[in-house]
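This report describes one protein chain as a whole and then two of its residues. Please look at the structure before reading on.

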Amino acid sequence: MRQLNGVVILLLSLWLLSAAQKGEGLLGDWRPVNVTDPHVVSIANFSVTEYDKRSHAKLNLVRVVVGDSQLVSGTRYRLVLAAKNGSVIEYYKARVLEKPWLHFRNLTCFKTSLGGLYMLVIHFLILSCSL
């Protein structure tokens with residue numbers, strides 16, 4: 001039994017080392033998303049729609065500017081979005097938790113940028129977000 005545990009630990013260690021060398025990232029790592037991926041756009045649309053429901057706003061998604069995701073017990077998305085508020089394009093940061101096997105999505109953060117796109121990207125990179 002002890003030998004079997006050692007083999008399992010060795011194999012797990014080799015797998016982790018291989019993944020790290022390939023740049024694949026590990027469970028819990030934040031990884032960039034493809035902003036044109038239909039699933040990412042679906043997450044962005046969900047966040048705008050959910051925000052509209054909660055705040056009675058009438059935003060329309062223009063595009064996903066940048067984003068990343070983290071695999072945890074589900075997938076967390078952090079997205080920077082361009083959305084029209086009336087005729088004005090504004091930038092927002094959104095966080096969504098998705099558990100597709102439960103058909104579950106939850107908007108955990110949706111904030112506007114007061115300092116334009118540049119400041120929003122800086123905030124996206126360094127600040128936490130709570131709703």
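## Overall make-up

The protein chain contains 3 helices and 5 strands. The model is a predicted one. Starting at the N terminus, the order of elements in the protein chain is α-β-α-β-β-β-β-α.

The protein chain has 131 residues, and 28% of them are buried. Its accessible surface is about 8,600 Å², and carbon and sulfur atoms account for 60% of that surface. For contacts in the protein chain between residues at least 6 apart in sequence, 46% link residues at least 24 apart.

## Two residues

The table places two residues in their elements and gives their relative accessibility.

| Residue | Element | Relative accessibility |
|---|---|---|
| V48 | helix 2 (residues 38-55) | 4% |
| T75 | strand 3 (residues 74-85) | 15% |

Is V48 buried or exposed? V48 counts as buried because its relative accessibility is 4%, and buried means under 20%. Apart from neighbours within four places in sequence, V48 has contacts with L59, N60, L61, L81 and F110. V48 and K58 are 10 residues apart in sequence, and their C-alpha atoms lie 8.8 Å apart in space.

T75 has a relative accessibility of 15%, so T75 also counts as buried under the 20% cut-off. Which residues does T75 contact, leaving aside its neighbours within four places in sequence? They are S69, Q70, V96, L97 and E98.

Technical notes. Residues numbered from 1 in each chain as written. Predicted model: local features only at pLDDT ≥ 70, side-chain atom pairs only at ≥ 80, totals over all residues. Heavy atoms only, no water. Helix = DSSP H or I, 4+ residues; strand = E, 2+ residues; numbered from the N terminus. Buried < 20%, exposed > 50% of the residue type's maximum accessible area, 1.4 Å probe, protein only. Contact = heavy atoms within 4.5 Å. Areas by Shrake-Rupley, 256 points an atom, 1.4 Å probe, with all protein chains shown as cover.
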